[in-house]
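Colleague: I have a model open and want to learn how to read it. Can you take me through it, from the whole fold down to single residues?

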Amino acid sequence: MADQVKRRTGLITGASSGIGAAFAERFAAEGFDLVITARRIDRLETLAARLRSQYSRTVDVIGADLALVDAPERMCAEVARRGLTIDALVNCAGFGVPGSFASSTWVRQQELLQVTVMAASELTHRLLPGMIERRYGRILNMASLAALVPAPAGHTLYAACKALIVKFSEALANEVRSYGVHVTALCPGFTRSEFHDVTGTRALVQKLPGWFWIEADLVAREGFDAVMAGRPLCIPGRVNRLIATLSRLVPQRLLVAIGRLTARGYRKSD
Ligand SMILES: NC(=O)c1ccc[n+]([C@@H]2O[C@H](COP(=O)([O-])OP(=O)(O)OC[C@H]3O[C@@H](n4cnc5c(N)ncnc54)[C@H](OP(=O)(O)O)[C@@H]3O)[C@@H](O)[C@H]2O)c1
């Protein structure tokens, strides 16, 4: 493909595990050079070494804690200092805050907003002008199926952040499509990764049937294809697409009641 022959570079946040690591693999396999970032640099270095040897790509590692307000600015400065231009951006870093809104600390909620909303928006804002100027850009913003269905207890700001990402991406896609920049919001459901270990809810979500789960590789593959094709919304996995469709067709009150009942079994809300 002509896109890949030019040796484009993709910057992927949250690349030290799960879906972000799968995206690094996918973009490298599709011919992109990479800048991968997260806090766990040892993980990134191991992944970078493998991708360099397996796909003969250039892979830069930049350690960053995106909960810090100045992290996106510093990251972009480091990218520029290394003489790199970013053609694709995958805003994948994120986590959940288990339990009720009242029982969590404000610091953790603030970090959630900073990592999943502020950092993702700021990185997009900083890297977009270059993409517009070069008439090529691919931006994938990690949302969630949680953005498309009624929000159960225990999902407060998380679902709200993801809904914001969907709306942001949808509008931005319309703003920049004529400049050759594609923007996609990605809405996976339950995905095998370290997400539920970080939130400490592994034992609870383990109760969900296997068909509810998808692999991180599938999310990365469908997300990559969607952004390349210029589709503004991507819901990976057949079951997730069915859930999203039903949530548009089933009356809202019934949907809220179903959500309330089912979420009790697997979501920590106290
Ligand atoms: N797994 C699911 O069921 C699911 C479903 C829908 C959406 N998602 C979304 O998918 C995205 C990736 O999650 P995942 O499932 O792949 O979980 P994961 O395996 O826990 O990966 C999360 C990634 O985010 C990074 N991260 C977290 N806090 C960070 C911070 N303060 N600064 C920089 N990087 C940070 C982590 O890196 P370090 O810890 O090394 O910093 C890690 O690379 C998230 O946005 C999540 O909301 C997940």
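Modeller: Gladly. Keep in mind that this is a predicted model.

Colleague: Start with the fold. How many helices and strands are there in the protein?

Modeller: The protein has eleven helices and nine strands.

Colleague: What share of the residues is buried?

Modeller: Of the 270 residues, 51% are buried. The cut-off is under 20% relative accessible area.

Colleague: And the surface of the protein: how much of it belongs to carbon and sulfur atoms?

Modeller: Their share is 56%, out of an accessible surface of about 13000 Å².

Colleague: What do the contacts say about sequence separation?

Modeller: Take the contacts between residues at least 6 apart in sequence. Of these, 71% join residues at least 24 apart.

Colleague: Now one residue. Is threonine 13 buried or exposed?

Modeller: Compare its relative accessible area with the cut-off. Threonine 13 has 1%, and buried means under 20%, so threonine 13 counts as buried. Threonine 13 sits in strand E1, residues 9-13.

Colleague: Which backbone atom does the side chain of threonine 13 reach?

Modeller: The backbone nitrogen of alanine 93, at 2.9 Å. Ala93 is also listed among the contacts of threonine 13 beyond four places in sequence, along with Gly20, Thr37, Leu66, Val90, Asn91, Cys92 and Leu123.

Colleague: Where does arginine 135 lie?

Modeller: In the loop between helix H5 (106-134) and strand E5 (137-142). Arginine 135 also has a positive phi, near 60°.

Colleague: Last, the surface. Which residues form a nonpolar patch there?

Modeller: Leu242, Leu246 and Leu249. Together they have about 310 Å² of accessible area. Look at leucine 249, which is in helix H10, residues 238-249. Its relative accessible area is 64%, so leucine 249 is exposed.

Conventions
Residues are numbered from 1 along each chain as its sequence is written. This is a predicted model: local features need pLDDT of at least 70, side-chain atom pairs count only at pLDDT 80 or more; totals for chains, interfaces and linings use all residues. Side-chain values use heavy atoms; hydrogens and water are left out. Helices (H or I, at least four residues) and strands (E, at least two) are DSSP runs, numbered from the N terminus. Buried means under 20% relative accessible area, exposed over 50%, partly exposed in between (1.4 Å probe, protein chains only). A polar contact is a pair of N or O atoms within 3.5 Å; within protein, one must be able to donate a hydrogen and the other to accept it, and residues adjacent in sequence count only if both atoms are side-chain atoms. Contact means heavy atoms within 4.5 Å. Patches are made of residues with over 30% relative accessible area and no salt bridge: like charges are joined within 9 Å, nonpolar side chains (Val, Leu, Ile, Met, Phe, Trp, Tyr) within 5 Å. Accessible areas come from the Shrake-Rupley method with a 1.4 Å probe; for residues, only the protein chains shown count as cover. A salt bridge is a side-chain nitrogen of Lys or Arg within 4 Å of a carboxyl oxygen of Asp or Glu.
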